[in-house]
Amino acid sequence: MAFVTEEQIQQFHEDGFLVLEEFFTTEECDAMREQIHKIIAKMDVPPHCRTEFSTGEEEQLQAQGSADYFLTSGDKIRFFFEKGVFDEKALHVYDPIFKQITHSSKVQELGRKLGFEKPVVVQSMYIFKQPGIGGEVRPHQDATFLYTEPLGRVLGLWLALENATQENSCLWFIPGSHTNGITRRMVRAPPGTIPCTQFIGSEQTYQDSQFIPVPIHKGGLILIHGEVVHKSEMNRSEWSRHAYTFHLMEAKDTTWSKENWLQPTPELPFSALYT
């Protein structure tokens, strides 16, 4: 594991993101890819449940917000199609390989170095960015969808299972944008309402010149502050760009919004990171 220095942690607080190369081994990355292929081989998603994933407001409301399949996905392994590609959720709960990676000693050590006292895992996804068809993810802040009071309690961990370059759609960030708060939220609509979610607040617009590309090698980890603005482009290359990502929340003195689309259940609350 790459050693995380105090200087790097300070850089994370300044920029809102941090690249940690060689955080996971090639063997660990390959094990996750092999496991996902086994899961895909058994996949059976009924046509009416083929829900698209999008960070765009209109697409989000039309595709995700209208589907109970989406709202009840937090404690299940489910598949979400993303403009020619799809991802899977809740792997950290039910799959032994991804559970082991998510709760590994090096992730726990990283959490402690970042000052987390009572972190819980709220969500996980395996993201397929297939060659030629992997869809664009528009500029967004994770706290729009995973809102807490106070803000600043959610951290994304984005693990590159293959090299992520500008050619095959690496992530792009606006450095320092995590200091400006958020301007909109996606919340659950009243029961019986269609679509099942709605946006409140206003969507910001950004200039391409504000973003910088953040390429990373296979096995590298990107830390993503919950309020930093980031995006990825469509993958028009000949190479896929697989990634495993999950979100941590500092549960101490934090309130998870009951209006969030993702909700823990009494049978399966958010899982504690530390063991």
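Which elements do the buried residues of helix 1 pack against? In this predicted model, they pack against strand 1, helix 7, strand 8 and strand 13. Helix 1 spans residues 6-15, and its buried residues are Ile9, Phe12 and Asp15. These three cover an arc of only 135° around the axis, so they fall on the same side of helix 1. Glu6 and Glu7 are exposed and sit on the face turned away from that buried side.

The chain as a whole contains seven helices and 17 strands. Of its 275 residues, 54% are buried. Among contacts between residues at least 6 apart in sequence, 81% join residues at least 24 apart.

Helix 7 covers residues 105-113. Its buried residues are Lys106, Val107, Gln108, Leu110 and Gly111. Several elements contribute to their cover. Helix 2 (26-41) and helix 6 (96-102) are among them. Strand 1 (17-20), strand 8 (154-160), strand 13 (221-225) and strand 15 (243-250) are also included. Helix 7 in turn is one of the elements packed against the buried residues of helix 1. Glycine 115 follows helix 7, and its phi is positive, near 90°.

An open sheet is built from four strands in the order 6-14-9-12, with antiparallel pairing. Its edges are strand 6 (137-140) and strand 12 (212-214), each of which pairs on one side only. On average, neighbouring strands of this sheet are turned by 25° against each other, direction ignored. Strand 9 (residues 171-173) runs antiparallel to strand 12, and three bridges join the two. In this pairing, phenylalanine 173 has isoleucine 212 of strand 12 as its bridge partner.

Aromatic contacts were examined next. With ring centres required to lie within 6.5 Å, the count comes to nine aromatic pairs. One of the pairs joins phenylalanine 145 and phenylalanine 199, with centres 6.2 Å apart and planes at 85°. The pair is edge-to-face because planes over 60 degrees apart fall in that class. Phenylalanine 145 lies in the loop between strand 6 and strand 7 (148-149). Phenylalanine 199 belongs to strand 11 (residues 197-201). The pair therefore ties together parts that are 54 residues apart in sequence.

A tilted aromatic pair is formed by tyrosine 244 and phenylalanine 246. The distance is 5.6 Å centre to centre, with 40° between the planes. Tyrosine 244 and phenylalanine 246 are both buried. They also take part in a cluster linked by ring pairs, together with Phe98, Tyr126 and Phe128.

Charged side chains also meet aromatic rings. The charged end of arginine 112 sits over the ring of tyrosine 274, at 4.1 Å from the ring centre. Likewise, the charged end of arginine 185 sits over the ring of tyrosine 147, at 3.9 Å from the ring centre.

Definitions and conventions
Residues are numbered from 1 along each chain as its sequence is written. This is a predicted model: local features need pLDDT of at least 70, side-chain atom pairs count only at pLDDT 80 or more; totals for chains, interfaces and linings use all residues. Side-chain values use heavy atoms; hydrogens and water are left out. Two strands pair if DSSP finds at least two bridges between them. Axes are lines fitted to C-alpha atoms, for helices over the stretch in contact, and angles run from 0 to 180 degrees between N-to-C directions. Buried means under 20% relative accessible area, exposed over 50%, partly exposed in between (1.4 Å probe, protein chains only). Contact means heavy atoms within 4.5 Å. The arc is that of the directions from the helix axis to the C-beta atoms. Rings of Phe, Tyr and Trp (its six-membered ring) pair if their centres lie within 6.5 Å; planes under 30 degrees apart count as stacked, over 60 as edge-to-face and the rest as tilted. A charge sits over a ring if NZ of Lys or CZ of Arg is within 6 Å of the ring centre and within 35 degrees of the ring normal.
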